[in-house]
Amino acid sequence: MNKIITLLCCMFVALQLMASDGIADFLKEEQRMEVRRHPRASRGDSVELKTMHITLSEAGTLEAALGDDIERVDSLYINGPVNDDDIKTMWKSTFYGYVSYLNLQDADIEGKRLPDIAFYDSKEQHIGIYTYIIELKEIVLPDDLEEIGEGAFYWAAGLEQITIPSSLTRIKESAFAFCGKLKTDPLILPIGIKTIEPYCFYGCHSLKNVILPESLESIKVSSFYQCALTEINLPESLKSIELMAFTGSRLKKLFVPGNCNLTGMGIFSSCFELTDVYISDGITNIPERFLYQGISISELRIPCSVTTIGRDAFKGLYALENLYLEEGLSEIGDEAFMNSSLKQLVLPSTLCSMGNNSFYGNSKFERIYCKAVIPPVQSTAFEDSQKDVPLYVPVGTADAYRNATGWSMFTNIIETDSFPTSGAIDITVDVPQADGAKYDITGRRIENPAKGQIYIQNGKKYIQPD
């Protein structure tokens, strides 16, 4: 079985495919490749194209049934039994020929699975600096199809529409990688799918709306990397989201369910249009570069379940003015909130350590509160802050702060027993204003509100009591 292992090569890691049949040594960046139609399919002579309906009585006979018409068809309907040889013939008809529409709704595909690299051939499609693409623009899959193979539509750069059957239970790794024009709206993934596999929709720059099934448990590495997603529903069933899953998307609102394990860096990095973020109570760790370069985010609440915030997790949130760090937080990583626009900062009593430059670049500080009786360990957390910014600390701890590394830079340390409390974030969502129902901050109606979570009822925000 073909295996594609892709390692990202953009800003963070090199993206490489390795396969036994030579799929590609490297996934090259699109801007470095010259994409064109194959010379044989673009020879410029006058070809009268037609629609063909073919019914096969035996698998493996499609090439014979097409005959000389393989390069004279633009729309192809296929009924009957189909095997891997027939799929290869279909690829030929889209690469050497002109087939742009392929209807397999009534085809009986062997094993009920579209094979690996079904519509891709590395030896034919990658030559030097050129990437030759297939003509396929739309495909209708059989109603009983259960699996789309690894790299099945890899580099099908002209593919715009696909009909996903409800019977589908698996879409394998890199299945739609570099399908830059795919724009099925919405692309509804059926209930049987539990995992979005690595690089599945990598580089689908036109894909704006994907509806995830309530059965979904895992979103793997770079599944939606640089997709044009403007919204995504992350179901409560979701158990994990991995490295760079949504990097570079166009999400505007984000709701992260509480039972989800966030693994790997950059999950939502470079989402420049993201404004509203809600992280549910239950999340324990914010990984590296989680919302890195989220330049449109102005308000953020970190729930009490979070104990650690990773390096660069919220770096580059230039518009961030309101930050709520709940009790329970223990560690803030290097440069975690670097380059924000905070005027006030309240650090919880549970905080133990702060990484280098964790709040560097926050030039607008007017006051800082730290509730911790023992000064959190830090040396350069506030490296470039004004030394006379008021620093409020618990009664009886001023001397400890004056003598603590990193804190000793502050010249205006004030003891207090009155600290600001964290509150609900003012996020506006489009929900009914007086129907009595309860909604989360993303506008989803909630039947069973959870304790301690923020909801909206009759146009007003509140925290659900016990």
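In this predicted model, the charged end of Arg-289 sits over the ring of Tyr-292, 4.4 Å from its centre. A second case of this kind involves Lys-88, whose charged end sits over the ring of Trp-91 at 4.3 Å from the ring centre.

**Aromatic pairs**

The structure holds 31 aromatic pairs. One of them joins Tyr-120 and Tyr-154 in an edge-to-face arrangement, with 4.7 Å from centre to centre and 85° between the planes. Tyr-120 belongs to the loop between β6 (113–114) and α3 (122–125), while Tyr-154 belongs to the loop between β10 (147–148) and β11 (161–163), so the pair ties together parts that are 34 residues apart in sequence. Both Tyr-120 and Tyr-154 are buried.

Trp-407 and Phe-410 form another pair; their ring centres are 6.3 Å apart and their planes stand at 35°, so the pair is tilted. Trp-407 is buried, with a relative accessible area of 0%. Phe-410 also counts as buried, at 4% relative accessibility.

**Salt bridges**

There are 22 salt bridges in the structure. The table gives three of them.

| Salt bridge | N to O distance |
|---|---|
| Arg-72 and Asp-69 | 3.8 Å |
| Lys-172 and Asp-116 | 3.7 Å |
| Glu-327 and Lys-371 | 3.8 Å |

In the salt bridge between Lys-172 and Asp-116, Lys-172 comes from the loop between β12 (170–171) and β13 (187–188) and Asp-116 from the loop between β6 and α3, so the contact ties together parts that are 56 residues apart in sequence. Lys-172 and Asp-116 are both buried. These two residues also belong to a network of salt bridges that links Arg-113, Asp-116, Glu-147 and Lys-172.

Glu-327 and Lys-371 meet in a salt bridge that links distant parts of the chain: Glu-327 is in the loop between β25 (322–325) and β26 (331–332), and Lys-371 is in the loop between β29 and β30, 44 residues apart. Glu-327 counts as partly exposed, at 30% relative accessibility. Arg-72, the partner of Asp-69, is likewise partly exposed, with a relative accessibility of 38%.

**A parallel sheet**

Four strands, in the order β14-β16-β18-β20, make up an open sheet with parallel pairing. Its edge strands, β14 (195–196) and β20 (261–262), each pair on one side only. Strand β18 (residues 240–241) pairs with β20 in the parallel sense over two bridges. Ser-240 has Asn-261 in β20 as its bridge partner.

**A surface patch**

Phe-272 lies in the loop between β20 and β21 (276–279). With a relative accessible area of 42%, Phe-272 is partly exposed. Together with Ile-295 and Tyr-318, Phe-272 makes a nonpolar surface patch of about 280 Å².

Val-73 is located in strand β3 (residues 73–82). Its relative accessible area is 0%, and Val-73 is buried. Val-73 and Thr-94 are separated by 21 residues in sequence and by 9.2 Å in space, C-alpha to C-alpha.

Pro-376 is found in the loop between β29 (367–370) and β30 (391–394). At 2% relative accessibility, this proline counts as buried. From Pro-376 to Thr-350 there are 26 residues in sequence and 8.9 Å in space, C-alpha to C-alpha.

Terms used:
Residues are numbered from 1 along each chain as its sequence is written. This is a predicted model: local features need pLDDT of at least 70, side-chain atom pairs count only at pLDDT 80 or more; totals for chains, interfaces and linings use all residues. Side-chain values use heavy atoms; hydrogens and water are left out. Two strands pair if DSSP finds at least two bridges between them. Rings of Phe, Tyr and Trp (its six-membered ring) pair if their centres lie within 6.5 Å; planes under 30 degrees apart count as stacked, over 60 as edge-to-face and the rest as tilted. Buried means under 20% relative accessible area, exposed over 50%, partly exposed in between (1.4 Å probe, protein chains only). A charge sits over a ring if NZ of Lys or CZ of Arg is within 6 Å of the ring centre and within 35 degrees of the ring normal. Patches are made of residues with over 30% relative accessible area and no salt bridge: like charges are joined within 9 Å, nonpolar side chains (Val, Leu, Ile, Met, Phe, Trp, Tyr) within 5 Å. Accessible areas come from the Shrake-Rupley method with a 1.4 Å probe; for residues, only the protein chains shown count as cover. A salt bridge is a side-chain nitrogen of Lys or Arg within 4 Å of a carboxyl oxygen of Asp or Glu.
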